[in-house]
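User: I am new to this structure and would like to go through it step by step. Could you show it to me, so that I can ask about its parts?

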Amino acid sequence: MGKSFDIGLERLTGAGAWPGSETERRIEAGRFDTDAGRETFYLETFGCQMNEHDSEKVAGVLLARGYKQVETPEAAKVILYNTCSIREKAAQKVFSRLGELRPSEGEPSAAKSREVDARLNARKVVNAGGGKIIGVLGCVAQQEGEEIFERAPWVSLVCGSASYRKLPQLIAELEAGNRRVTGLDTDTDETFETEITRRDNPFRAYLTIIEGCDKACSYCVVPFTRGPERSRASASILQEVRQLADMGYTEIQLLGQTVNSYADSSARKMRFSDLLVATAEISGIRRVRFTTSHPRDFGKDIVEAIEAYPAICEHVHLPVQSGSAAVLRAMARTYTRDEYLEKVAWMKSAKRAISITTDIIVGFPGESDADFQETLSLMDSVQYDGAFCFKYSPRPNTPSLAMNDIISEDEKSRRLAILLEHQREIQRSRNEKLVGQVAEVLVDGKSKRANQWSGHTSSNRVMNFSSHAENILGDYVQVKVTGATPNSLIGEAVTGPVASP
Ligand code: 5AD
Ligand code: SF4
């Protein structure tokens, strides 16, 4: 999931870098000939949308210091991994990446076979001797701390997200020749705001409004790795939205682990729903998204805001985690199945067709087959438009680590497969019901096939459609749905030239 294209500083300020502009063409063509002597960095991101956006800000900090972004670790002076530790597999991936960077001198590779050894050798880069700086950012950095130096002594920077405001200082220390620096505090009341953010997505601008998490779900590392909740002041958020609108962005996505727990840190004390409305009212903004919502703080006022403002997207991501009241209690989710379903009922009875997506964990300790059936029945009643489903993964420091009645890996896999199939059928039938309707699509992709485009609806569905228009990237297009799959819609543009049959 690495984002590693060099788009230079132009995209940061928006100065002429809008898609289709001369600057954009120059950037896309990769003709940067003024970079001689600039230090280089490679940044790879794992995990959630918050991490992706943190990486945009980290890149902004480095670009503002005169660094140039490159596409491979081999070409970089500074190699950074922004890591995820939400499940064990994600955390392991980071250590395998670090293993690939093991210096040629020193210990022999741990690779078992010659073939693997050869592959690793091909990717080996030399650290301090060759002047490389290797840094681990994000959740694994926070969780493992200085232990990372033990496991991978060639790493020189370890910094968790709650300390990113210190990044410029840490980078300066490395530039000054310091061998090892860390930023591991989580007892902060500051958020990570930067002068410049490098934005990877030219159509959707992400904006963190609340960092950290104060909930204490018994399975989750986030409160440990991202620290306590800190909200930005509403005026600062709205000012940034205005700047983004001036740069040409029409779609804004407000981010937070629990975005709707937003608590304005200024005297204005805007509610989350007020902030949604104020964002939607900014001239030039046509779409406002937000993720992730926590059911406990999901009030009717959010549904009312969606009903009243077409610019607020008709999509709510509302993780339920389990349909069983007992499992929800053990997870310390702070709501019951019935309370969750009540919030869903508000959305179902709204004037707009609000699309609901969710996260579900299977195989939480003690989850009986009857509990699992409750999750399936909840899915039937809610009729989700999308679900991210995970096998429970025991994580360090979390209360559920000590819980009994562990579910075997095989059983977790069995339940996951059933869940995925169940959800697939729900999505297939929900998407098929949309055939014949017309939806507005923000066009964000062009297929290699002639006259084929893709984009997202307000409900966040992917629409693949045909249009004979020359260049509609970034445009809003009315598209008639002609077909459906579980994961996307197929359509034909109804404005502008329509594809001939
Ligand atoms: N095991 C499995 N899934 C988890 N999630 C969070 N912690 C764990 C864990 N220990 C899932 C939740 C959350 C999503 C981002 O990741 O479903 O909503
Ligand atoms: Fe983790 Fe729960 Fe916070 Fe979500 S609300 S980040 S699952 S602790």
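User: By class, how many residues of the shell around ligand 2 are nonpolar, polar and charged?

Analyst: This is a predicted model, in which local features need pLDDT of at least 70 and side-chain atom pairs count only at pLDDT 80 or more, while totals for chains, interfaces and linings use all residues. Residues are numbered from 1 along each chain as its sequence is written, chains are lettered from A and ligands numbered from 1 in the order in which they are written, and side-chain values use heavy atoms, with hydrogens and water left out. The residues around ligand 2, meaning those with a heavy atom within 4 Å of it, include Cys 213, Lys 215, Tyr 219, Thr 258 and Arg 333. With Ala, Val, Leu, Ile, Met, Phe, Trp, Tyr, Cys and Pro counted as nonpolar, Asp, Glu, Lys and Arg as charged, and the others, Gly among them, as polar, the shell has six nonpolar, three polar and two charged residues.

User: Which strands each supply at least two residues of the shell around ligand 1?

Analyst: The residues surrounding ligand 1 include Asp 359, Ile 361, Phe 390 and Lys 391. Strands here are DSSP runs of E with at least two residues, and helices are runs of H or I with at least four, numbered from the N terminus. The strands that each give at least two residues to this shell are S13 (355-362) and S14 (386-391).

User: How far from an oxygen atom of ligand 1 does a polar side-chain atom of Asp 359 lie?

Analyst: Polar contacts to the ligand are pairs of N or O atoms within 3.5 Å. For Arg 87, a polar side-chain atom lies 3.0 Å from an oxygen atom of ligand 1, and for Gln 321 a side-chain N or O atom is 2.7 Å from an oxygen atom of the ligand. For Asp 359, the distance from a polar side-chain atom to a ligand oxygen is 2.6 Å.

User: How many bridges join S13 to S14?

Analyst: These strands belong to an open sheet of three strands with parallel pairing, in the order S12-S13-S14, where two strands pair if DSSP finds at least two bridges between them. Thr 357 stands opposite Gly 386 in S14. S13 and S14 run parallel, and the number of bridges joining them is six.

User: Why is one side of strand S2 and of strand S6 left without a neighbour in the sheet?

Analyst: The open sheet of six strands is ordered S2-S1-S3-S4-S5-S6, with parallel pairing. One side of S2 (68-69) and of S6 (181-183) has no neighbour because each stands at an edge, with a single partner strand.

Conventions. A polar contact is a pair of N or O atoms within 3.5 Å; within protein, one must be able to donate a hydrogen and the other to accept it, and residues adjacent in sequence count only if both atoms are side-chain atoms.
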